[in-house]
Amino acid sequence: MDSILVRGNGALSGEIPIAGAKNACLTLMPATLLSEEPLTLTNAPRLSDIKTMSTLLRSLGAEVVSLQDGGVLAMSSHDLTSTWADYDIVRKMRASNLVLGPLLARMGHAEVSLPGGCAIGARPMDLHIHGLEALGAEIELKDGYLLAKAPKGLKGAEIALRFASVGATENIVMAAALARGTTVLTNAAREPEIVDLVKCLRQMGAQIQGEGTERIEIQGVDRLHGATHEVVADRIELGTYMLAPAIAGGEVECIGGRLDLLGAFVEKLDEAGVAVEQTNRGVKVSRKNGRVKAVDVTTAVFPGFPTDLQAQMMALMCTAEGVSELHETIFENRFMHAPELVRMGADIEVHGGTATVTGVKKLKGAPVMATDLRASVSLILAAMAAEGETRVARVYHLDRGYEQLEKKLMGVGAEIERISGE
Ligand code: EPZ
């Protein structure tokens with residue numbers, strides 16, 4: 001397994017290109033199942049999760065041709081040969097469950113493995129099931145698989161989500177696009193990835209209004225046609241790289257970044273004393289003066305502070321002036337980066353869903369372990385401002401969500417290299 005070596009190397013400067021959004025692409029790709037005509041995605045990120053989704057779609061009989069080294073995905077689901085999403089693929093990537101809604105709508109049935117738990121939580125699917133059953137699906141759990149069928153097709157319904165689940169919203173919207181009649185989804189997730197999915201579905205002929213608000217209305221149509229869609233910029237990659245100069249000092253411009261995708265994250269950076277500016281090329285970030293100030297953060301659904309940036313924000317708070325309280329409200333176990341940061345000299349106490357971080361002047365490099373995608377990158381960020389050398393092991397987690405991470409950080413002056421696995 002590869003490791004990444006990082007040596008604290010002072011202030012950063014230069015440009016970091018922001019790729020297409022992993023979490024948008026992972027819901028846009030299953031949308032190809034809704035139509036017999038080709039769906040092409042441009043600005044697709046070059047990530048292992050995208051390769052996993054391509055493998056899954058191919059296992060269903062879809063064609064997925066990766067062009068421009070993965071930047072363009074030319075897909076076609078004209079002849080689907082299977083509706084079975086195998087545990088072996090789904091256990092590696094929960095987003096595989098996003099084929100459930102489209103397969104039900106297109107084929108009238110689907111057999112999708114439950115993802116099983118992952119490092120950050122149990123990741124149940126009750127909200128997906130509740131929504132699809134409201135559309136007329138019959139779903140039973142057997143041998144770890146959700147066996148779903150809609151013998152009479154799907155019918156529009158009023159659906160109120162208990163929690164604004166991103167994945168449940170995506171599955172329900174995709175299924176409702178081909179249902180008979182109108183669906184009204186309330187307490188829908190408002191994340192930019194949902195907005196991007198609806199933009200693409202609309203280009204395919206779907207009749208949908210209200211994306212980005214908590215009420216989405218879908219008038220089902222008989223069929224959807226092909227389209228070409230550009231994947232929206234990745235707000236989590238953007239937020240991650242905005243924190244690099246905040247932690248290590250200097251000034252970085254994140255090319256292609258859009259502040260409107262980041263919700264409460266921007267205000268929090270401002271409160272901490274990080275200068276952020278939208279330019280016509282992207283987002284410019286620098287640390288206003290000296291040490292950043294400790295701020296309290298509570299993760300929430302969009303437009304609240306993104307849970308996917310909590311670990312990275314903790315890395316910033318480790319050397320901030322004062323005490324910061326980080327409350328993780330979305331997942332039940334998303335502080336695994338804390339003990340690794342403590343190995344680097346951070347002062348962090350975790351009690352349940354709250355981490356209390358008392359800023360120290362400087363962290364010290366140490367061997368640390370990546371545990372999940374966002375925890376891994378928070379260790380890299382912390383290491384860039386630490387004294388000495390940090391070796392982050394198990395960086396395959398990183399490759400799931402960060403395209404060419406070392407190259408992008410080296411490009412702004414970080415001392416970082418990948419060591420091939422022993
Ligand atoms: C999406 O996951 C993202 N993944 C996650 O990003 C992100 O952290 C999450 O949304 C929250 O923003 C993709 O888009 C591929 P949820 P998803 O359904 O859809 C509970 C990353 O690092 N829940 O909004 O799975 C669930 O257990 C990943 O890129 C139920 O209880 O998130 C969790 O506590 C990590 N029942 C909370 O809701 C359900 O049926 C949020 O889940 C579904 C979810």
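Is His128 buried or exposed, and what is its relative accessible area? His128 is buried, with a relative accessible area of 2%, where buried means under 20% relative accessible area, exposed over 50% and partly exposed in between (1.4 Å probe, protein chains only). The structure shown is a predicted model, in which local features need pLDDT of at least 70 and side-chain atom pairs count only at pLDDT 80 or more, while totals for chains, interfaces and linings use all residues. Residues are numbered from 1 along each chain as its sequence is written, and side-chain values use heavy atoms, with hydrogens and water left out.

View 1. Not counting residues up to four places away in sequence, His128 touches Arg94, Asn97, Ser165, Gly167, Ala168 and Asn171, contact meaning heavy atoms within 4.5 Å.

**View 2. An open sheet of four strands in the order 4-5-3-14.** The pairing in this sheet is mixed, and two strands pair if DSSP finds at least two bridges between them. Strand 4 (63-67) and strand 14 (227-230) stand at the edges with a single partner strand each, so one side of each is left without a neighbour in the sheet. From one strand to the next, the twist averages 15 degrees. Strand 4 and strand 5 (residues 72-76) run antiparallel and are joined by five bridges, and Glu63 stands opposite Ser76 in strand 5.

**View 3. Helix 7 (residues 192-203) packed on the sheet.** Helix 7 touches strand 3 (39-42) and strand 14, and its direction makes about 160 degrees with that of strand 14; axes are lines fitted to C-alpha atoms, for helices over the stretch in contact, and angles run from 0 to 180 degrees between N-to-C directions. Among the buried residues of helix 7 are Ile194, Leu197, Val198 and Leu201. Helix 7 is followed by Gly205, whose phi is positive, near 105 degrees.

**View 4. Asp308 in the loop between strand 18 (297-298) and helix 10 (310-317).** Asp308 counts as buried because its relative accessibility is 14%. Its side chain makes a polar contact of 2.7 Å with the side chain of Arg334.

Note on methods:
Helices (H or I, at least four residues) and strands (E, at least two) are DSSP runs, numbered from the N terminus. A polar contact is a pair of N or O atoms within 3.5 Å; within protein, one must be able to donate a hydrogen and the other to accept it, and residues adjacent in sequence count only if both atoms are side-chain atoms.
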